[in-house]
Amino acid sequence: MATVYTELFQKECEGRFGITKDVVRDAIAQPDKEQRLQSQGLTLILYSKKMADAAGSSDDNAGGDYLVVNTHVQGQDLMVDLAFRLKKELVDEAKTTLPFPLMQALALRFGLPVKVGERETKFLYNEVIPVASKDIRQAMRISNPEGRPMVSAIWMRMLQNNMGFLAQCALVFCINAQAYAEWLAGGAGTTAAAASARPQQ
């Protein structure tokens with residue numbers, strides 16, 4: 001199976017977050033953990049791998065970071081959609097190294113609220129939700145009033161049965177790219193990003 005790097009990966013993950021194809025290729029070839037979701041012809045595969053300290057520093061914290069790679073199968077190709085580096089502190093909070101839960105931890109920390117039907121959350125995984133319309137643009141809303149740059153994965157299809165319309169959500173999240181990039185850089189946005197990620201009352 002050939003690995004193809006999508007335009008989204010190249011622009012956002014490689015360009016904005018500095019995640020190279022080499023580290024992604026290594027995570028796919030020799031992952032620590034791999035999880036799959038198959039749903040009506042769609043196959044999503046997420047990989048996680050502990051990262052080496054690229055700077056050659058003796059700082060143990062850098063060696064505890066993890067890479068999570070989001071891919072999907074298209075024909076005979078493995079399409080690399082997104083990849084995120086998670087610092088050791090977030091991995092420790094998640095208490096797992098499985099890729100779907102790590103992705104959830106990242107979305108809960110830096111995600112924008114996504115509303116599908118009456119369900120509002122920062123991370124949807126393998127859920128079917130009743131909605132009022134079969135139009136995906138009306139069934140789903142991303143709350144981004146400040147117009148922040150975002151990176152999203154929206155693997156959702158609309159269904160209809162005798163009960164009405166349904167949104168089948170394989171994987172849906174939307175990351176605040178600015179807050180995430182500041183956190184990676186260890187800049188001043190770290191505290192603000194963590195504060196904004198607290199659950200809304």
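Pro130 stands opposite Leu166 in strand β11; strands here are DSSP runs of E with at least two residues, helices are runs of H or I with at least four, and both are numbered from the N terminus. Strand β11 covers residues 164-176 and is joined to β8 by eight bridges, the two running antiparallel. Two strands count as paired if DSSP finds at least two bridges between them. This is a predicted model, in which local features need pLDDT of at least 70 and side-chain atom pairs count only at pLDDT 80 or more, while totals for chains, interfaces and linings use all residues. Residues are numbered from 1 along each chain as its sequence is written, and side-chain values use heavy atoms, with hydrogens and water left out.

The open sheet has three strands in the order β8-β11-β10, with antiparallel pairing. β8 (123-131) and β10 (150-161) are the edge strands, each with a single partner, so one side of each has no neighbour in the sheet. From one strand to the next the twist averages 20°. Helix α7 (residues 177-185) packs on this sheet and touches β10 and β11 (contact means heavy atoms within 4.5 Å). The direction of α7 makes about 40° with that of β11; axes are lines fitted to C-alpha atoms, for helices over the stretch in contact, and angles run from 0 to 180 degrees between N-to-C directions.

Helix α7 also meets α5: their axes come within 10 Å and cross at roughly 105°. That makes α5 roughly perpendicular to α7, a label for angles of 65 to 115 degrees, with under 35 being roughly parallel, over 145 roughly antiparallel and the rest oblique. Leu106, Arg109 and Phe110 of α5 make the contact with Ala179, Tyr180 and Trp183 of α7.

Nine of its 12 residues are buried, so α5 is largely enclosed by the rest of the structure. Buried means under 20% relative accessible area, exposed over 50%, and partly exposed in between, with a 1.4 Å probe and protein chains only. Among the buried residues of α5 are Phe100, Leu102, Met103 and Leu106.

A nonpolar core is a set of buried Ala, Val, Leu, Ile, Met, Phe, Trp, Tyr and Cys residues joined through side-chain atoms within 4.5 Å. The largest one has 46 residues, and Val24, Phe84, Leu106 and Phe173 have the most contacts inside it. α5 gives the most to this core, with seven residues. A second, separate core of 13 residues includes Val116, Leu124, Ala139 and Cys174.
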